[in-house]
Amino acid sequence: MSATVQRAMSGPVPKIRVRGLRKAFGGKLVLDGIDLDVMPGTSTVVIGGSGSGKSVLIKCILGLIEPDAGSVEIDGKSLLDSPARDRAAARARIGMLFQNGALFDSLPVWENVAFGLLAQNRVSRPEAKAKAAEVLSQVGLAASVGDLSPAELSGGMQKRVALARAIAAQPDMLFFDEPTTGLDPIMGAVIDGLIVDCVKRLGSTAIAITHDMASAQRIGDRAAMLLKGKLIWQGDASALLDSGNDAVDQFTHGRRDGPIQMELRR
Amino acid sequence: MLLDLVAALGRVLLGACQSAGSLALFALAGLSHVLRPPYYPRLVLAAVAEMGFFSLPVVALTAIFTGMVLALQASTALSRFSAESASASLVVLSVTRELGPVLAGLMVAGRVGAATAAELGTMRVTDQIDALSTLSTVPMKYLVAPRLLAGIIALPLLVVVADILGVLGGFIIATLKLGFNGPTYIVATLNHLETADVTLGLVKAAVFGFLIALMGCYHGYNSKGGAQGVGAATTMAVVTASVLILAFDYVLSELFFVR
């Protein structure tokens, strides 16, 4: 029986399917056989402590880091075995919000927002500027912000611009790397709200990584926890605070004592 | 003990080979992106302006003072053989063949090589290079290829200016201080200057421009470890570009001028 037939019989194909993903840096194993399915139109939040490999996982899925083993499938097509052109095409369907925004500081805000559209030759520069103003308004920023440099913006505004850049090309997948890190709780809630709105409006499939529990519950439909390179728990995001898993409960409630022992270097 | 020494030596040698291979692959990838579309003429022009136009003051000052000191030293040395009249030819040949390209190269390596490494290094550690990849842009094509091309274009243009100003510096000292006749000095300069001297000096400049851009891009693009990594990349870019300029100066002189 072919794999396609097997999958057809076993239900809908996940938008993103990760199997047996492994990645080590030197002798340090960061991802140790990750299996993850993200269904179309849903948001999955991956939680985990600092240095647990969350960013590496998302970069492996994006193809920014080459995994040592395992597979990543988008719409049932393997990404890692595909030719570079197909990988680039798949990547063009993904919008990414980086942890620190990663805005291009040599370009004005509007060019940052419209960068992907200009790179794909989808619009002229005047059209790109108009489109940037439209997308900026969707994240609650005035069109005049478009003429500023990223360095002139506050942290919250930079996050909004980065979100605008991620959604400008209307991707069908959105990845968020620590979207609320460094923001005050109110601004964090604002950014989470914008993320939820954008994901719903575009009908996108989303993966967010965070260690902010409030953010995880606001953004996610599903949640998974990464610990020591393995996904130790997966379930509904609403069950995060009462998962029944001791390690997850320790993490989500911020308890010092429990199965997770912080590694301290002396 | 001896085995440990050999092992350490082997590790150093392997590391050097690995670095050389990695640099060669980076250079080939960069050059292949120079040739293949899409092109970024706006970025090439900006890089030419940064490397060429904004380096003009420092290169001009270096060239004019070098020409001046060269005329002084040439006159002193040649007077011992009663050959002061050869000063003009010594100045013009030294400037066009060697000092113009080498000194302009070293100045630009310090100014632009460092800035390139710092800019790309900061982009690397702040995820801006990864962000380019997620926005349908090949970082090598967008960041590296325009700079490599700009290096090949801008440094020869700078060296033309350096050559003229270097000769002018020699002329000023020869006529105002050493008592040379102005028109005679100019005639002697032009008589001893061949097209090949200037052309091959410009070839050197193009190679040096490529090396400066390559070192800045390579070390910046591959930097890691935050601010300290960016600082190390900047230092490495200037040091390696300077050493390579001197090494390639010898190789190109050997290839073009001796045989």
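## Stop 1

Start by selecting Val46(A) and Ile209(A): Val46(A) sits opposite Ile209(A), which belongs to strand S8(A). Keep in mind as you look that this is a predicted model.

Now widen the selection to residues 43-47 and 205-210 of chain A. Those are strands S3 and S8, which run parallel and are joined by five bridges. Colour the rest of the sheet too: six strands lie in the order S6-S7-S8-S3-S9-S10 in chain A, forming an open sheet with mixed pairing. Which strands are at the edges? They are S6 and S10 (230-236) of chain A, and each of them pairs on one side only. Turn the view and compare neighbours: on average, neighbouring strands of this sheet are turned by 15° against each other, if you ignore direction.

Then pick residues 155-167 of chain A, which make up helix H7. H7(A) lies across S6 and S7 of chain A and runs at about 170° to S6(A).

## Stop 2: the four-stranded sheet

Move on to the other sheet on our tour. This open sheet has four strands in the order S2-S1-S4-S5 in chain A, and the pairing is antiparallel. Strand S2 (28-38) and strand S5 (77-78) of chain A each have a single partner strand, so one side of each is left without a neighbour in the sheet.

Zoom in on strand S1, residues 16-25 of chain A. S1(A) pairs with S2(A) over eight bridges, in the antiparallel sense. Which residue of S2(A) is the bridge partner of Arg22(A)? Select Asp32(A), and you have found that partner. Look at H2(A) again here: residues 54-62 also pack on this sheet, touching S1, S2 and S4 (69-74) of chain A. The direction of H2(A) makes about 120° with that of S1(A).

Now go to S4(A), which runs antiparallel to S1(A) and is joined to S1(A) by five bridges. Arg22(A) turns up again, this time opposite Ala69(A) in S4(A).

Follow the chain into the hairpin that S4(A) and S5(A) form, with two residues between them. Click on Asp75(A) in the turn, which has a positive phi of about 50°. For one of the pairs, show Ile74(A) with its bridge partner in S5(A), Lys77(A).

## Stop 3: two domains in chain A

Domain 1 covers 13-93 and 172-258, while domain 2 covers 102-170. How many residues does each domain put into the contact? Domain 1 of chain A gives 17 and domain 2 of chain A gives 11. The C-alpha centres of these two domains lie 25 Å apart.

Between them, the two domains of chain A bury about 1100 Å², with 70% of that on carbon and sulfur atoms.

H8(A) gives the most, with eight residues.

## Stop 4: where chain A meets chain B

Last stop: show both chains. The contact takes 19 residues from chain A and 14 from chain B. About 1400 Å² is buried between the chains, and carbon and sulfur atoms give 59% of it. On the chain A side, select Phe98(A), Phe104(A) and Phe115(A): these lose the most area to chain B, together 31% of what that side buries.

How many salt bridges cross this interface? The rule finds two. One to display is the pair Asp130(B) and Lys59(A), whose side chains meet in a salt bridge at 3.4 Å, N to O. There are also four residue pairs in polar contact between chain A and chain B.

Finish by colouring H2, H3 (84-92), S6 (94-97) and H5 (115-119) of chain A, the elements that give two or more residues to the side touching chain B. The largest share comes from H5(A), with three residues.

Key. Residues numbered from 1 in each chain as written. Chains lettered and ligands numbered in written order. Predicted model: local features only at pLDDT ≥ 70, side-chain atom pairs only at ≥ 80, totals over all residues. Heavy atoms only, no water. Pairing = 2+ DSSP bridges. Contact = heavy atoms within 4.5 Å. Axes fitted to C-alpha atoms, helices over the stretch in contact; angles between N-to-C directions. Domains from an automatic or database assignment. Buried area = accessible area lost by both parts, 1.4 Å probe. Salt bridge = Lys/Arg side-chain N within 4 Å of Asp/Glu carboxyl O. Polar contact = N/O pair within 3.5 Å; in protein donor to acceptor, adjacent residues only side chain to side chain.
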